[in-house]
Amino acid sequence: MSSLSGMGALDGRVALVTGGGRGLGRAVAQALAERGAAVAVGARSTEEVDSVAGELREAGYSATSVPLDVSDPASVENAVRRVADELGTVDILVNNAGVVWPLGMLLKVDADEWEQSIDINLTGAVRCIRAVLPGMLERGFGRIVNMSSGAAAGPGMPAASAYSVGKAGLDMVTANLADELSGSGVCINGVRPGVVDTSMQDYMRSLPREQVGAAFYNKFHGLHERGELSGPGPAAQLIVLLASSDRTGQTLDVRDEETKQLIDGIA
Ligand code: NAP
């Protein structure tokens, strides 16, 4: 563990963080840069990713930003090519881009939005994996971390069937590919970040009780009112750890005791 705790555990590595313009992705980009990785941040809001990359460069890190829509295959290919041109081929992929919509009962939410949600949260992550995996296999090294959610466990998040299904599917991508990639030098894991104070949570609290139902409304308003939302730090540190180790095939929840101890070990 001590070899991971020093600065520079990721020296010479190139990381791509999808959805890196704000929230969890932004914190992950910062944490990876602090450990020595050259970091590319991608999302649709170019001003946000430009701003994150600019701040990292100002702090003395190697960073760039790329326009990226994970639901568009051409955009994913272009982004990965641009990162290769600007920083080098991607060694570390953090599949963090995600949307929580559509929220509401299945028969009330828009059918196209339901499919788009899966296309971003699940298929989008697989698209990004497909784009970087050949290079990782060629070099015999790669680290992939999928941003999961507590919504992937048990019955999932109320009023969020698309999100829950997409994240549960993403956990299966992690488990299935870990098996397929065993012995290749490419490791793949998932992280459940807890309930984190980001614009996604703001959006979830902005919806009326009649749309999301009492269970959802009370849970997320309650957490906010009691000051129980967490910061992105533990998830970001856990992702640094997974990018620096040869663990594979696990989806870890930052709230689990064992995982907390792991994170404390590198903090
Ligand atoms: P956020 O603040 O809304 O950030 C989401 C990021 O994903 C943004 O940068 C967004 O940028 C990007 N994104 C969305 N659709 C995209 C697309 N089609 N292509 C590329 N980028 C896209 O949310 P967050 O809370 O930081 O969430 C980050 C991840 O953590 C998500 O996967 C989320 O499901 C997961 N998570 C969050 C929580 C929580 O409590 N916050 C809990 C569990 C899991 P653009 O819109 O500009 O593209």
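1. The crossing is right-handed. Please keep in mind throughout that this is a predicted model.

2. Which residues make this contact? From H5 come Trp114, Ser117, Ile118, Asn121, Leu122, Ala125, Val126 and Ile129. H6 answers with Ser161, Ala162, Tyr163, Val165, Gly166, Gly169, Leu170, Val173 and Leu177. Sorted by class, the contact of H5 with H6 has twelve nonpolar and five polar residues, and no charged ones.

3. Helix H4 (residues 73-86) also meets H5: the two axes come within 10 Å, crossing at roughly 40°. That angle makes H4 oblique to H5. Here, too, the crossing is right-handed. On the H4 side the contact is made by Pro73, Val76, Glu77 and Val80, and on the H5 side by Arg127, Cys128, Ala131 and Val132. Six of these residues are nonpolar and two are charged, with no polar ones.

4. A search of the whole structure turns up one cavity of 30 Å³ or more. The volume of the largest cavity is about 40 Å³. Around it you will find Thr18, Val70, Asn95, Asn96, Ala97, Ile120, Asn121, Gly124, Ala125 and Leu170. H5 (residues 111-139) gives the most to this lining, with four residues. The lining has five nonpolar and five polar residues, but no charged ones. Asn121, Ala125 and Leu170 are worth a look, as they line the cavity and also take part in the contact of H5 with H6.

5. Now for the open spaces. The largest pocket holds about 940 Å³ and is lined by 45 residues. Which of them lie nearest its centre? They are Asn96, Gly98, Val99, Val100 and Met200. Helix H2 (23-34), strand E2 (38-43), H6, helix H7 (199-206) and helix H8 (209-225) each give two or more residues to the lining, and the largest share, five residues, comes from H7. By class, the lining divides into 21 nonpolar, 17 polar and seven charged residues.

6. Finally, the second largest pocket has about 160 Å³ of space. Its lining includes Pro193, Gly194, Val195, Leu223 and Glu228, as well as Arg255, Lys260 and Asp264. Helix H10 (residues 257-266) gives the most, with three residues. Six nonpolar, two polar and four charged residues make up this lining.

How values were computed: Residues numbered from 1 in each chain as written. Predicted model: local features only at pLDDT ≥ 70, side-chain atom pairs only at ≥ 80, totals over all residues. Heavy atoms only, no water. 1 Å grid on protein atoms, 1.4 Å probe; cavity = no way out; pocket = protein on both sides within 12 Å on 5 of 7 lines; lining within 4 Å. Points joined across faces, edges and corners; volume = space filled by probe spheres on them. Nonpolar A, V, L, I, M, F, W, Y, C, P; charged D, E, K, R; others polar. Axes fitted to C-alpha atoms, helices over the stretch in contact; angles between N-to-C directions. Parallel < 35°, antiparallel > 145°, perpendicular 65-115°, else oblique. Left-handed = near helix turned anticlockwise from the far one by under 90°. Contact = heavy atoms within 4.5 Å.
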